[in-house]
Amino acid sequence: MNPSTFILTGAFFGLFSVILGAFGAHALKKVLTPDQQHSFEVGVRYQMYHAIVLLALGLNTNLALPAAIFWCFTIGIMLFSFSIYGLILSDMKGNKLKILGPVTPVGGLLFVAGWILLILHFI
């Protein structure tokens, strides 16, 4: 897979993580409960962690990485972090989208799969 794809995706998710982190820390701080605030921060944090990994992998142009690693981290971010954002924002409005609850662990499993694939790639 092209290193630029890793870099651009990581940069996009990193940028979006900073924006959402600021939004959560300032605009939402007054309307979220402490538990909701914590959950929102977890989503932002995991998004940023995996954005940084995508950037680091893309910047190491000596690697020929399997596309599966990219997709596990990218879809993992979308399912894990974005389902948390959706759960928190919908709960804040009084109509929690409970269907998103089972989506979060699937994103987490994709993170785990991506890390396993990365380890296997270097063994």
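Before turning to the helices, one definition is required: an axis here is a line fitted to C-alpha atoms, for helices over the stretch in contact, and angles run from 0 to 180 degrees between N-to-C directions. Please bear in mind throughout that this is a predicted model.

With that convention, consider helix 3, residues 67-92, and helix 4, residues 103-122. Their axes come within 7 Å and cross at roughly 155 degrees. Angles over 145 degrees count as roughly antiparallel, and helix 3 and helix 4 are therefore roughly antiparallel to each other. As for handedness, helix 3 passes helix 4 in a left-handed crossing. The residues of this contact comprise 18 nonpolar and 7 polar, with no charged residues.

Let me stay with helix 3 for a moment. Does its length agree with its residue count, or disagree? At 1.5 Å a residue, its 26 residues should span 38 Å, and the C-alpha atoms at its ends lie 37 Å apart, which agrees. Just after helix 3, G94 adopts a positive phi of about 85 degrees.

I now step back to the chain as a whole. It contains 4 helices and 0 strands, and its elements, read from the N terminus, run α-α-α-α. Its C-alpha atoms fill a box of roughly 50 × 25 × 20 Å along the principal axes. Of the 123 residues, 38% count as buried. Among contacts between residues at least 6 apart in sequence, 77% join residues at least 24 apart.

Is F40 buried or exposed? Its relative accessible area is 2%; the cut-off for buried is under 20%, so F40 is buried. Leaving aside neighbours within four places in sequence, F40 is in contact with L20, F23, G24 and L28, and also with I84, Y85 and I88. The C-alpha atoms of F40 and F82 are separated by 9.6 Å, although the two residues are 42 apart along the chain.

Q37 is also found in helix 2, which covers residues 34-59. With a relative accessible area of 13%, Q37 is buried because that value falls under the 20% cut-off. Which residues does Q37 touch, not counting those up to four places away in sequence? They are G24, A25, L28, K29 and L32.

Methods: Residues are numbered from 1 along each chain as its sequence is written. This is a predicted model: local features need pLDDT of at least 70, side-chain atom pairs count only at pLDDT 80 or more; totals for chains, interfaces and linings use all residues. Side-chain values use heavy atoms; hydrogens and water are left out. Helices (H or I, at least four residues) and strands (E, at least two) are DSSP runs, numbered from the N terminus. Angles under 35 degrees count as roughly parallel, over 145 as roughly antiparallel, 65 to 115 as roughly perpendicular and the rest as oblique. A crossing is left-handed if the near helix is turned anticlockwise from the far one by less than a right angle, and right-handed if clockwise. Ala, Val, Leu, Ile, Met, Phe, Trp, Tyr, Cys and Pro count as nonpolar, Asp, Glu, Lys and Arg as charged, and the others, Gly among them, as polar. Buried means under 20% relative accessible area, exposed over 50%, partly exposed in between (1.4 Å probe, protein chains only). Contact means heavy atoms within 4.5 Å. The expected span of a helix is 1.5 Å times one less than its number of residues.
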